[in-house]
Amino acid sequence: MKYILTLSFLLSVFLESSVTTIPLVFLVLLAFFVLERKEWIFALAFLAGIFLDILSFRIVGSTSIFFLILLFLVFLYERKFETATNYFIFAASLAGSILFLAVFSYSGAIIIEGLVSSVIGVLIFMVFSKFENPARKETIGSRI
């Protein structure tokens, strides 16, 4: 799973900083955070934001703060909702992508770009869930 994460993470950083405005790094971080439920992903989000800010010529730290706030909100809602579903990933990536595009002032069709990124986020989540270790899956009752 770590090889898949590393490859997809590097690919998403490259694509987001050079080719597209869709927040691919956020989508990869969201899918991995929902599946793994580990706190070290916050450190990865911080470093990814710093790296993206440097490559995109933005104020250093702004993307890191944005990633950390959104992942923290997902972390808070983890006990209220079943987060490891396609519906939650679609809604969270739609809201996060629209906010990302609005905050970092990308002009254009923000809603359409948010919908496209939500579909991409669900696809990333489905691919990551295929590579998840079945022995580490938790039941809903064991987390309560």
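Biologist: Which residues is Glu 113 in contact with, leaving aside its neighbours within four places in sequence?
Modeller: In this predicted model, Glu 113 is in contact with Thr 21, Ile 22 and Leu 101, once the neighbours within four places in sequence are set aside. Glu 113 itself lies in helix α6, which covers residues 110–130.

Biologist: What about Ser 117, buried or exposed?
Modeller: Ser 117, which is also found in helix α6, counts as buried because its relative accessibility is 0%. Not counting residues up to four places away in sequence, Ser 117 touches Ile 22, Pro 23, Leu 27, Ser 93 and Ser 97.

Biologist: Switching to pockets, how much space lies in the second largest pocket?
Modeller: The second largest pocket holds about 160 Å³ of space, and the elements that give two or more residues to its lining are α4 (62–76) and α5 (86–103).

Biologist: Which of the elements gives the largest share of that lining?
Modeller: The largest share comes from α5, with six residues. The lining residues include Phe 26, Leu 70, Tyr 77, Phe 88 and Gly 96, and by class the lining has ten nonpolar residues, one polar residue and no charged ones.

Biologist: Now the backbone: what is phi of Arg 37?
Modeller: Phi of Arg 37 is near 60°, a positive value in a residue that is not glycine. Most residues other than glycine have a negative phi. Arg 37 sits in the loop between α2 (24–36) and α3 (40–56), and it counts as partly exposed because its relative accessibility is 22%.

Biologist: What about Phe 57, and where does it lie?
Modeller: Phe 57 lies in the loop between α3 and α4, and it has a positive phi of about 60° although it is not a glycine. Phe 57 counts as exposed, because its relative accessibility is 77% and the cut-off for exposed is over 50%.

Biologist: Last one, what does Ile 4 touch?
Modeller: Ile 4, in helix α1 (residues 2–18), touches Phe 128 and Phe 131, not counting residues up to four places away in sequence. At 27% relative accessibility, Ile 4 counts as partly exposed. Ile 4 and Phe 14 are ten residues apart in sequence and 15 Å apart in space, taken from C-alpha to C-alpha.

Notes:
Residues are numbered from 1 along each chain as its sequence is written. This is a predicted model: local features need pLDDT of at least 70, side-chain atom pairs count only at pLDDT 80 or more; totals for chains, interfaces and linings use all residues. Side-chain values use heavy atoms; hydrogens and water are left out. Helices (H or I, at least four residues) and strands (E, at least two) are DSSP runs, numbered from the N terminus. Contact means heavy atoms within 4.5 Å. On a 1 Å grid over the protein atoms alone, a cavity is a set of points where a 1.4 Å probe fits but cannot get out, and a pocket is an open set with protein on both sides within 12 Å along at least five of seven lines; lining residues have an atom within 4 Å of a point. Grid points are joined across faces, edges and corners, and a volume is the space filled by probe spheres set on the points. Ala, Val, Leu, Ile, Met, Phe, Trp, Tyr, Cys and Pro count as nonpolar, Asp, Glu, Lys and Arg as charged, and the others, Gly among them, as polar. Buried means under 20% relative accessible area, exposed over 50%, partly exposed in between (1.4 Å probe, protein chains only).
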